[in-house]
Amino acid sequence: AHAKINLHLRSLRRRPDGYHDLATVFCHLDLCEAVRLEALAGQIRLESSLGLALEEDLAGRAAVALRQALGDASLGCAIHIDKSLPTGGGLGGGSADAAAVLRGLQRLWGAPWPLIMEVAAGLGADVPFLLHGGLADARGIGEQLTPLSTPCAPLDCLLLFPGVPVSTPQAYGWLDAD
């Protein structure tokens, strides 16, 4: 579950549904968390160091939303997440975990890729990009992706986290207030 950074981020407007129309450039990082899935009949379980309930964790919500979209209550899985990214650090850790779960369940449950993309878009702005990774221009809420290529070699970067988590709704709330 690879993290991401926004090389550029501009909020164009707040939409009636509460999301923001964005103009951003996403770049995935080598920094990642480990996500493992196991088949489990009829139930979805989540094990993570954050200790969140299934409905509170984006990875858990991804599995529940995909099972609901497939309409098959007999599907299930156990999700194990080894968290290493700072929560509220802007690296998309929860979204990366959700994307990893959707990729894994696509194979485990045989879900069609268009449905995976639809579920991803319903979960949040970063999840569709994190299904693929790479470098992309993103519009809409982040679901309208245009892959970008660059002749540059991969770069090293230093990421600093001051230990003060900022949730996505909190950050966008500051934009709205500004």
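Ile 79 is buried, with a relative accessible area of 0%. Buried denotes under 20% relative accessible area, exposed over 50%, and partly exposed the range in between, using a 1.4 Å probe and protein chains only. Ile 79 lies in strand β5, which spans residues 77-82. Strands are DSSP runs of E with at least two residues, helices are runs of H or I with at least four, and both are numbered from the N terminus. The model is predicted: local features need pLDDT of at least 70, side-chain atom pairs count only at pLDDT 80 or more, and totals for chains, interfaces and linings use all residues. Residues are numbered from 1 along each chain as its sequence is written, and side-chain values use heavy atoms, without hydrogens or water.

Contact is defined as heavy atoms within 4.5 Å. Neighbours within four places in sequence are set aside for Ile 79. Its remaining contacts are Val 35, Arg 36, Leu 37, Ile 44, Arg 45, Leu 46, Glu 47, Ala 59, Gly 60, Ala 63 and Val 101. Ile 79 and Asn 6 are 73 residues apart in sequence. Their C-alpha atoms are 27 Å apart in space.

Helix packing was examined next. Axes are lines fitted to C-alpha atoms, for helices over the stretch in contact, and angles between N-to-C directions run from 0 to 180 degrees. The axes of α1 and α2 come within 8 Å and cross at roughly 35 degrees. The crossing of α1 and α2 is right-handed. A crossing is right-handed if the near helix is turned clockwise from the far one by less than a right angle, and left-handed if anticlockwise. On the α1 side, the contact is made by Leu 58, Ala 59, Ala 62, Ala 63, Leu 66, Arg 67 and Leu 70. On the α2 side, Gly 94, Ser 95, Asp 97, Ala 98, Val 101, Leu 102, Leu 105 and Trp 109 take part. By class, the contact of α1 with α2 has 11 nonpolar, 2 polar and 2 charged residues. Nonpolar covers Ala, Val, Leu, Ile, Met, Phe, Trp, Tyr, Cys and Pro; charged covers Asp, Glu, Lys and Arg; the others, Gly among them, are polar.

Helices α1 and α3 pack at an angle of about 135 degrees, with their axes 10 Å apart. They are therefore oblique to each other. Angles under 35 degrees count as roughly parallel, over 145 as roughly antiparallel, 65 to 115 as roughly perpendicular, and the rest as oblique. The crossing of α1 and α3 is right-handed. Leu 58, Arg 61, Ala 62, Ala 65, Leu 66, Ala 69 and Leu 70 in α1 meet Leu 115, Ile 116, Val 119 and Leu 123 in α3. This contact holds 10 nonpolar residues, no polar residues and 1 charged residue.

Helix α2 (residues 93-109) also meets helix α3 (residues 113-123). Their axes come within 10 Å and cross at roughly 160 degrees. The two helices are therefore roughly antiparallel. The crossing of α2 and α3 is right-handed. Ala 98, Leu 102, Arg 103 and Gln 106 of α2 contact Trp 113, Ile 116, Val 119, Ala 120 and Leu 123 of α3. The contact of α2 with α3 divides into 7 nonpolar, 1 polar and 1 charged residues.

Gln 106 is placed in α2. The residue is partly exposed, with a relative accessible area of 24%. Beyond four places in sequence, Gln 106 touches Ala 111, Trp 113 and Ile 116. Gln 106 and Ile 116 are 10 residues apart in sequence and 7.1 Å apart in space, C-alpha to C-alpha.

Nonpolar cores are sets of buried Ala, Val, Leu, Ile, Met, Phe, Trp, Tyr and Cys residues joined through side-chain atoms within 4.5 Å. The largest nonpolar core has 33 residues. Leu 66, Leu 102, Leu 123 and Val 127 touch the most other members. Elements giving two or more residues to this core are α1 (58-70), β5 (77-82), α2, α3, α4 (127-132) and β6 (135-139). Helix α2 gives the most, with 8 residues. Leu 102 touches Ala 62, Leu 66, Ile 116, Val 119, Ala 120, Leu 123, Val 127 and Leu 131, not counting residues up to four places away in sequence. A second, separate core of 5 residues includes Ala 3, Ile 5, Leu 29 and Leu 85.
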